[in-house]
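I opened this entry to record what I looked up in the coordinates, one topic at a time. Values are noted as I read them off.

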Amino acid sequence: MNNAANIAVDIAIILVLIAGISRFRTPSGARFGNAMAALALLFAVAVALYRNPMLSSNAALAAFALAASSLAAWRVSAKVNMTRIPSLVAFQNGAGGLAALLVAIVEMSGARSAPGAIASAAAAVSVSLGAATFSGSMIASLKLAGKIRQTPTVVPGHNIALLFLSAACAAAAALMFAPGDPTSALVSLAFLSLAFGALFSIRIGGADMPVLISFLNAATGMAAAFCGIVIQNRLLIACGAVVASSGFILTMVMCRAMNRSLMNIIVGGKAPARPQASSPATVSSPETTAAPPAPVAASQPEQPETDPLSRAADALRAAKKLIVIPGYGMAIAQAQSETVALAGMLEQAGTEVKYAVHPVAGRMPGHMHVLLAEADVDYDKLFEMDDINAEFAETDVALIVGACDVVNPAAKEKEGTPISGMPVLNAGDARSVIVCNFDDKPGYSGVPNPLYERPNAILLFGDAKTTLASLIAKLQ
Amino acid sequence: MSDILVMLVVFAASSAIGYAMISKVPQRLHTPLMSMTNAISASTIIAALLLFSSKLDSPHKVLAAAAVALAAFNVVGGFTVTGRMLKMFKKQ
């Protein structure tokens, strides 16, 4: 395995993989990079099979499993609606975790030769991480698909149960080093870790989902790397390590964007009894813009008669510069096309339009960018928070579509709330702020949004898709 | 013992290079990045296929085939969906 030619080939494959990832600077480069990474993986498989050919008695089954599953995966991913991407990514991640678990179990219990201590230890980690990411990802996938409650679920004694399961996992892992067949220890470890992953994941929800998704991504990478140590395959170790560091970076980016520590998010902090801004079940209610609920504080004494929709239309008509702020509400209301249509209309009329995207808007890293890309927004118009925040002060209208916590001035102005210190978009600095949210309830954090009470706020509560459609009709 | 050393070096070097590369990825590409690395993490398909290089009894064969199928689903699905997402990013 360690002769010079083999090492050179392995290094070449790893370089192709890394070159592929390094193309992720621009979208067009990333397309090429994605193809390069796929090619690198294909080479890695080919090289591995060339060095250790399959037994002819096994080849048919392996080929069938490979072909059938690849075809199914291709059909699902070529057709799936883009709004279901977060759930699909989590599901695929879970499949990868389960694969790592199965490989380690077969490898260790096949008992081709007595495994060394290093292989046993690596297999224990691989089984444990594989099982936990599988159950954790499945829970996350169900949450993101709206099949189970999206808010954190805390069971009595949650922490104690997690601690107990960790201790039991450690004990099961230790049993693997006992002489004899390690299979029963491995299987116990797998089941304990499955329970751990589910319990771990069920407690994280709502706006914390991007952190959970990135964290699970890192964990599968780690499982793959340890799987590589079990079978002593350099390429697998390298691939796993790259994924683990990628997932880790994304996790930290998400944590920083919320000004919270990873630990704080994992233990759920103030999990129970947090009000949910908008749950998918209630969003589909049809009646909306005609008679929106009265603003919390009716602080527009100068023109109390004018309805908010007309005021919003007037503000948009007069605007020279508009910044659109999308949030998770836009995704639930499926309002991205209406958002983009309205922005496009104003652009035609000469308004300068930009989009401001908060790093944790949505349910996975970069969620809003994908939705807006699908609605054909030129990606050069999407700006990150730090690049656009200063521009709100010189902006005529900030149009908020389904975002609450990420524009909540309380993060800067109030101490001791769950979002205090979290960097937010300065929507309130714009001359007018049009709010197309479902209702005036606080966002996921449970912190009321003082923006709604400002005199420059125009509140259009209701289903964002309908609200925006009425705005478009009004402007035509 | 040299084997474990090689493996440690590979692990550390890949993590470091990966870290350096990925910290430069812009926010707008975070979803495609995650989706692609998700596909790469299913490189366990290498290990799953290699299981078939040695003799397996029937129960182990079934488990190994399941591992191949799951990893293949992750790899093929991951790269396909990443490609689809990236195709949507347009510049007028």
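I began with strand 1 (residues 321-326) and strand 2 (residues 352-357) of chain A, which pair in the parallel sense over 4 bridges. I note here that the model is a predicted one.

Strand 4 of chain A pairs with strand 1 of chain A in the parallel sense, over 5 bridges. P326(A) has V401(A) of strand 4 of chain A as its bridge partner. For burial I counted 5 of the 6 residues of strand 1 of chain A as buried, so this strand is largely enclosed by the rest of the structure.

Entry 2, helices on the sheet. Which strands does helix 14 of chain A lie across? I found that helix 14 (residues 336-348) of chain A lies across strand 1, strand 2 and strand 4 of chain A. Its direction is at about 170° to strand 1 of chain A. Helix 15 (residues 367-374) of chain A also packs on the sheet and touches strand 1, strand 2 and strand 3 of chain A. I read about 145° between the direction of helix 15 of chain A and that of strand 2 of chain A.

I wrote down the strand order as 3-2-1-4-5-6 in chain A, an open sheet of 6 strands with parallel pairing. The edges are strand 3 (382-384) and strand 6 of chain A, each of which pairs on one side only. Neighbouring strands are turned by 25° against each other on average, direction ignored.

Strand 4 (residues 397-401) of chain A runs parallel to strand 5 of chain A and is joined to it by 5 bridges. In that pairing I400(A) has V435(A) as its bridge partner. With strand 6 (residues 457-459) of chain A, strand 5 of chain A pairs in the parallel sense over 3 bridges. There V433(A) is bridged to A457(A).

Which residues of strand 5 of chain A point one way, and which the other? S432(A), I434(A) and C436(A) point one way, V433(A) and V435(A) the other, and all are buried. In a regular strand the side chains alternate between the two faces of the sheet. I count 5 of the 5 residues of strand 5 of chain A as buried, so the strand is largely enclosed by the rest of the structure.

The domain assignment gives domain 1 (80-266) and domain 2 (280-475) of chain A. I find their C-alpha centres 37 Å apart. The contact takes 19 residues from domain 1 of chain A and 16 residues from domain 2 of chain A. On the domain 1 side, helix 4 (85-109), helix 8 and helix 9 (234-258) of chain A each give two or more residues. Helix 9 of chain A has the largest share of that side, 5 residues. I sorted the residues of the domain 1 side into 14 nonpolar, 5 polar and no charged.

Helix 8 (residues 209-230) of chain A has 22 residues and reaches 31 Å from its first C-alpha to its last, close to the 32 Å expected at 1.5 Å a residue. Helix 8 of chain A is mostly covered, with 22 of its 22 residues buried. After helix 8 of chain A comes Q232(A), whose phi is positive, near 55°.

In helix 9 of chain A I looked up M252(A). Is M252(A) buried, partly exposed or exposed? M252(A) counts as partly exposed because it has 15 C-beta neighbours inside 10 Å. M252(A) and L262(A) are 10 residues apart in sequence and 7.6 Å apart in space, C-alpha to C-alpha.

The contact takes 78 residues from chain B and 97 residues from chain A. On the chain B side, helix 1 (2-22), helix 2 (30-41), helix 3 (44-50) and helix 4 (58-88) of chain B give two or more residues each. Helix 4 of chain B gives the most, with 28 residues. I recorded the chain B side as 46 nonpolar, 23 polar and 9 charged residues.

Notes:
Residues are numbered from 1 along each chain as its sequence is written. Chains are lettered from A and ligands numbered from 1 in the order in which they are written. This is a predicted model: local features need pLDDT of at least 70, side-chain atom pairs count only at pLDDT 80 or more; totals for chains, interfaces and linings use all residues. The expected span of a helix is 1.5 Å times one less than its number of residues. A residue is buried if 20 or more other C-beta atoms lie within 10 Å of its own, exposed if 12 or fewer, and partly exposed in between; C-beta atoms are placed from the backbone. Domain bounds come from an automatic or database domain assignment. Two residues are in contact if their C-beta atoms, placed from the backbone, lie within 7 Å. Ala, Val, Leu, Ile, Met, Phe, Trp, Tyr, Cys and Pro count as nonpolar, Asp, Glu, Lys and Arg as charged, and the others, Gly among them, as polar. Two strands pair if DSSP finds at least two bridges between them. Axes are lines fitted to C-alpha atoms, for helices over the stretch in contact, and angles run from 0 to 180 degrees between N-to-C directions.
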